[in-house]
Amino acid sequence: MSEKTAQLSFQPAAPPDQGGTVVFAGEWCLDAGKNGIRDALAGVRDLTNGPLVCAGDAIQDWDTTLVAMIVRLKRLCAGKNMAFEPGSLPGGVVRLADLAMAVPERDGAGRKHEKKSPLTRLGEAVLAAGAGGKDMVTFLGELTVSFGRLVAGRAQMQWGDVVRVIEETGPRAFPIVGLIAGLMGIILAFVGAVQLRVFGAEIYVADLVAIGIVREMGAIMTGIVMAGRTGASYAARIGSMQVNEEIDAFTTMGISPVDFLVLPRTIGLVLMMPLLVIYANVIGMLGGMFIGVFMLDISPVLYLQQTRSALGLNHLAVGLVMSVIFGVLVAFFGCLRGLRCGRSAESVGEGVTSAVVSGIVSIVIATALVTVAADILGF
Amino acid sequence: MPQDAHITVSHLTMAYGDFVIQRDVSFTIRRGDIFIIMGGSGCGKSTLLRHLVGLKRPAAGQVFFHGEDFWGVDDDQRGDMIRRMGVLYQGGALWTSLTLAENVALPLREYTQLPADDIRELVALKLALVGLAGFEDFYPAEISGGMRKRAGLARAMALDPEVLFFDEPSAGLDPVSARRLDDLILELRESLGTTVVVVTHELASLVSIGTNSVFLDAESKTAIAEGAPSQLLEESRDPRVMDFLTRGEFGNETRKKQDVSRP
């Protein structure tokens, strides 16, 4: 470490009860070792009468460490109603100390950390959940009204934004959606093959993959990928606009942020989701065929034939209906969490996390509902 | 290079890719200077500041800190140089996930071996110096923009840097607070010998506190004047500099008279 030292010593005045002198010496710097400070301060504390005089002739170098010590001594003196005489301390440092003490602590500025009972916290959590639910319904209402304005041709939306959203959520999502869907097809076929082989029914791998992918998995996997990719991006973009007060600027200009930001993102994503799902279906079935042909030695023509006979329009319809619903959900939560985000970098992070989590959870719930509904309706 | 040179800029060219902002800028900041970087909007003032604090690498030319080429030394030495500088960003740039006290304490905790009590005391002192005594436990989101700025200054002063850089210090402050900030800058320089570098176009503080300056011009893309602002105001004959220092009133006398005579 450094060899700098800061020294402080206290000498009581010759006649007792007539104050004393604190002597500063050495280098009063952040990186200096401290010597004798505790004893000197104890000496000052024992004083009953002022004045306290400072001697600073032996100070070689200083920074705000010295200012902090002077403030401390002055506070001590003030607490005992003793006079403080800066003596031979450097003038600028004393002025800085005065400056630091000039503005009194603002009343009520200090924080009280109150402890809450578990019951209070539970109650607050329930209230927060209720408020969150109300907020969601409000936002759904705003989005619906905004969509109504769009139908009436009065929405403040630029179609150019929709085109940009389409590019961002469509073509640019192809690689990741394709990769996931292809692997999904391969996994389904592989797992199915191992089981079906026991019964010599390998050919039904084609049915399994076709129905599994087209009816459910294609849409679900695409939905989850889009929640992580697009939902997060919506929340982050709108959230940082919130931090920059851009959303406030829209509002005070009389432009509805929902019209201008949420509507194009929702429309773009809802338009793209069915197309992405069809693409994912194709890639997924190709993945299944890969296993069928190379692992199970089924001829490609036979595999395709089997797939065609297994696949009905009803399966495709269920998958596409889900894809539209997922598009709405991902855009809804992405934009909602962005718009309701606070004003700090941290809250943007929380908003993005929450957008992805609520997106995925809502996708799973929606899948369950649609699956049951399709079963009841006989699709 | 003069003996007491603190920061020397030599033939600096600043560019973003192929787009040159300023070329061949040279000047010297002396120890204890209050050095003003001035010029119209978009002339590259803030970019120059980014070069001085080591956020951006020069496209050509050098920046010397105590006679050492900032980009010619290894990373450790550069880290040492950077630790001897403090920067106040335009909006304060406080870390939003930390309280004010934690914001100021972080550099102290990282770079000194001080015990926690001493750190707390220094943090309280620095917040008190900028008039924020008692706001230790507040988060940046809970205080006003001007307070955030002052807290940013407290953080910049945390390690008692040799040089303090200010990017538009008075922007967003009320006149009284701006004046108090100017006073604090002067006091810091006087009592602690801090060199101060300020980017500003606030005329009042510019002329009253600046001891030296450089004037960047957006059109010719280089520095067109140097010297103490008050001296520039008296002696410069360059219309671009005069226009700036007189709020565009230089050479507009006739137009003003016509305005007055209008019913």
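Which residues in helix 2 of chain A meet which residues in helix 4 of chain B?

1. In helix 2 of chain A, Thr64(A), Val67(A), Ala68(A) and Val71(A) meet Glu121(B), Leu122(B), Leu125(B) and Lys126(B) in helix 4 of chain B, where contact requires C-beta atoms, placed from the backbone, within 7 Å, and helices (H or I, at least four residues) and strands (E, at least two) are DSSP runs numbered from the N terminus.

2. This is a predicted model, in which local features need pLDDT of at least 70 and side-chain atom pairs count only at pLDDT 80 or more, while totals for chains, interfaces and linings use all residues. Residues are numbered from 1 along each chain as its sequence is written, and chains are lettered from A and ligands numbered from 1 in the order in which they are written.

3. The axes of helix 2 (residues 64–79) of chain A and helix 4 of chain B come within 10 Å and cross at roughly 90°, the axes being lines fitted to C-alpha atoms over the stretch in contact, with angles from 0 to 180 degrees between N-to-C directions.

4. Across the two chains, 22 residues of chain B are in contact with 26 residues of chain A. Helix 4 (116–129) and helix 6 (175–192) of chain B are the elements that give two or more residues to the side of chain B that touches chain A, and helix 4 gives the most, with six residues.

5. Asp24(B), which lies in strand 2 (residues 19–30) of chain B, has a phi near 55°, a positive value in a residue other than glycine.

6. Phi of Lys221(B) is likewise near 55°, and Lys221(B) sits in the loop between strand 9 (212–217) and strand 10 (222–226) of chain B.
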